[in-house]
Amino acid sequence: ALAATLLAVSAVASAESLKATADKMGRQASVAIAHKDFKKFESTMHQYITSDFKYTDSGNSMNFEKMLAGMKQGLAMINITAASSRLLSFKEHGKSGTTYTTHRVMGTMTGADKKPHTLVAIGNSMDSWVKTGGSWKMSVMAWGKQRMTLDGKPFNPMAGPPPTPARGRK
């Protein structure tokens, strides 16, 4: 009975270490993004990802460097006011595990009308982790559901700017 108890406690402690690692990475990465400090983001992430890390979004797969370049481009016109990530769930299976995380970025951007507009982007990722050398490393970040709003209305940046209302019409 003692051996079973110790095994159960060990399993819980190990699962918590995946949770603690994912939480720590999320906090550090969010602070870097909130400050648009891409060097800090890159150095933070390299502590927590495998050398063959893959990022997938909308069926496209890329390595960390291409992901980072896309982030820099996508966030270039946004004055970020807040960024966060929250671990929703995690599962550990020996030396592998998965986490399900929600990510949020809020900010303002100047529209074609030269006025500031509030942007909110929220998305979820299913992340695969492996335990190597006693440390948890993320090997895959796969984006799932994503949603953006501009001034509280659904927004798709790939569709171009939102239509400008005609003058004099209501």
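Two strands count as paired here if DSSP finds at least two bridges between them. With that in hand, the sheet in this predicted model can be walked through from one hairpin to the next.

Strand 5 and strand 6 make a hairpin with two residues between them, and the pairing is antiparallel, running over 13 bridges. In the turn sits G133, with a positive phi of about 60°. On its other pairing, strand 5 goes with strand 4, which covers residues 96–110, again in the antiparallel sense and this time over 15 bridges. The hairpin of strand 4 and strand 5 has five residues between the strands, and K114 takes a positive phi near 65° there.

G123 of strand 5 ties the two pairings together: H103 has G123 as its bridge partner, and G123 in turn has Q146 in strand 6 as a bridge partner.

Then there is the packing. Nonpolar side chains in soluble globular proteins tend to end up buried together. In this model the largest nonpolar core has 29 residues, and I33, F41, M45, F53, F64, W129 and M138 are those with the most contacts inside it. At least two core residues come from each of helix 1 (2–34), helix 2 (38–48), strand 1 (49–57), helix 3 (64–75), strand 3 (79–93), strand 5 (116–132) and strand 6 (135–150). Helix 1 gives the largest share, six residues.

Setting aside neighbours within four places in sequence, M45 is in contact with M25, A29 and F64. F64 is also listed, like M45 itself, among the residues with the most contacts inside the core.

Notes. Residues are numbered from 1 along each chain as its sequence is written. This is a predicted model: local features need pLDDT of at least 70, side-chain atom pairs count only at pLDDT 80 or more; totals for chains, interfaces and linings use all residues. Side-chain values use heavy atoms; hydrogens and water are left out. A nonpolar core is a set of buried Ala, Val, Leu, Ile, Met, Phe, Trp, Tyr and Cys residues joined through side-chain atoms within 4.5 Å. Buried means under 20% relative accessible area, exposed over 50%, partly exposed in between (1.4 Å probe, protein chains only). Helices (H or I, at least four residues) and strands (E, at least two) are DSSP runs, numbered from the N terminus. Contact means heavy atoms within 4.5 Å.
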